[in-house]
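Walk through this model with the viewer open.

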Amino acid sequence: MMAGKVFLFLLCLNLVSFAVIASNPQTCPADDVSSKCGDSDEWQGEFFPGITKIKYEGPLSKNPLSFKWYNADEEILGKKMKDWMRFSVAFWHTFRGTGGDPFGAPTKFWPWEDGTNILAMAKRRMRANFEFIDKLGVEFWCFHDRDIAPDGKTLEEANANLDEVVALAKELQGKKIHPLWGTAQLFHHPRYMHGGATSSEVGVYAYAAAQVKKAMEVTHYLGGENYVFWGGREGYQTLLNTDMGRELDHMARFLEAAVAYKKKIGFNGTLLIEPKPQEPTKHQYDWDAATTANFLRKYGLIGEYKLNIECNHATLSGHSCHHELETARLNGLLGNIDANTGDPQIGWDTDQFLTDIAEATMVMLSVVRNGGLAPGGFNFDAKLRRESTDVEDLFISHISGMDTLARGLRNVAKLIEDGSLESLVRKRYQSFDTVIGAQIEAGKADFELLEKKAMEWGEPKVPSAKQELAEMIFQSAL
């Protein structure tokens, strides 16, 4: 009798223990990369312990983990700063950047990383991504498909991996956060060594199309506002073995098919092309903003695409970032900005965080003239330097980049309020604010009329351009 009671008691105790475990599943800390926790999708604690939400403390603050110039809800020139900026965290540099370069091994070993690219690790990175976004206080992120989820041995397996990670991202981002844009990585895998849309192999062309199709679907599913095409290998190494005309035609057909599929699935986001002159190819077909605009016009794609301008790509093409932004804006094509910069002493794409106040002010001049960037914004296609290896450096770099652009916006407001620079430019072209000037700008002044005027006026008097005064006015706002 007593043995039966003991057995019954133990049985009940076991059932209670099972119920407690079921209701409170075991979790693993974010920095536990042991084999026991390696395959778990449940985590406890923080990925960035000790770092609270970043707040605005003003220009006098000495706290590196605070904003000095970026005050999200402050109104400047009729909009909140966050609406001018629409800042986005780039998943690939922030969570997949290793610090490795052609001459050295990786230098960054974040506490949550285990060195693999299995699904469990991909999910762990995604959780870290959204904790980072929350603490930084931004509302957008952006990604390449193969950065957020591991590739597969087949396209079906790769798609399944992506679906699983995207489902978690959808859950974590909630209703407030969503992608500024998504894209397909068509440059890393060996199959893309000749390009994707411009590959000489039709099988690669088809695979690239399938990968873009899937990436566009998940971008749409996550509420993305744009979709980007960066043709890192859409170009050539030599023209001796290249049919350039055929490759350009193929790329146009590819982009036409993307437009058709976007409309078919009801994706209302903007399609963006990101110009870059070279690297990794010797020559990329979307060399700069003007070249890409001409390509879009030739193939009837104006109105279907806008441009994602990267400042570092601008300098690689021999232009300033301001030049590329103005070229895109004046063609009605400015859609988004990759917020980074390069080093003038280094001839490659260094993807550094923008910290130059003067450059940021010129960037923001274009943005303000454009009326903003929405549905685009600024994404930080920028990475920590190889030698920056502390977790807090991820925050410091983004804070610095955000503050720099915010300071640029404040400077533009000063320039507009002062009015001197605008007045200088207007005065320089005042000779066209005449009857004959209006005829010229309306296309109603032929050569006979202009010859008559030239004889009537005689030798023209050419005034000073006042470049130094313009530079003085600009610098005074900094």
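Leucine 272 has lysine 306 of β14 as its bridge partner. The model is predicted: local features need pLDDT of at least 70, side-chain atom pairs count only at pLDDT 80 or more, and totals for chains, interfaces and linings use all residues. Residues are numbered from 1 along each chain as its sequence is written, and side-chain values use heavy atoms, with hydrogens and water left out.

Strand β12 covers residues 270-273. Strands here are DSSP E runs of at least two residues, helices are H or I runs of at least four, and both are numbered from the N terminus. β12 pairs with strand β14 (residues 305-310) in the parallel sense, over 3 bridges. Pairing requires at least two DSSP bridges between the strands. Strand β10 (residues 226-229) also runs parallel to β12, joined to it by 4 bridges. There, asparagine 226 stands opposite threonine 270.

Are the two faces of β12 covered or open? Both are covered. Thr270 and Leu272 are buried on one side, Leu271 and Ile273 on the other. Buried means under 20% relative accessible area, exposed over 50%, and partly exposed in between, with a 1.4 Å probe and protein chains only.

Now zoom out. The protein has 17 helices and 16 strands. Its C-alpha trace spans about 125 × 60 × 45 Å along the principal axes. Of its 478 residues, 48% count as buried. Take the contacts (heavy atoms within 4.5 Å) between residues at least 6 apart in sequence: 75% of them join residues at least 24 apart.

Next, the interior. In soluble globular proteins, nonpolar side chains tend to be buried together. A nonpolar core is a set of buried Ala, Val, Leu, Ile, Met, Phe, Trp, Tyr and Cys residues joined through side-chain atoms within 4.5 Å. The largest one has 113 residues, and Trp141 and Phe378 make the most contacts inside it. Helix α13 (residues 391-418) gives this core its largest share, 11 residues. A second, separate core has 8 residues, including Ala90, Cys142, Trp181 and Val228.

Finally, the surface. The protein exposes about 24300 Å² (Shrake-Rupley method, 1.4 Å probe; for residues, only the protein chains shown count as cover). Carbon and sulfur atoms supply 56% of that area. Where is tyrosine 429 found? It is in the loop between α14 (420-428) and α15 (435-441). Tyrosine 429 is partly exposed, with a relative accessible area of 45%.
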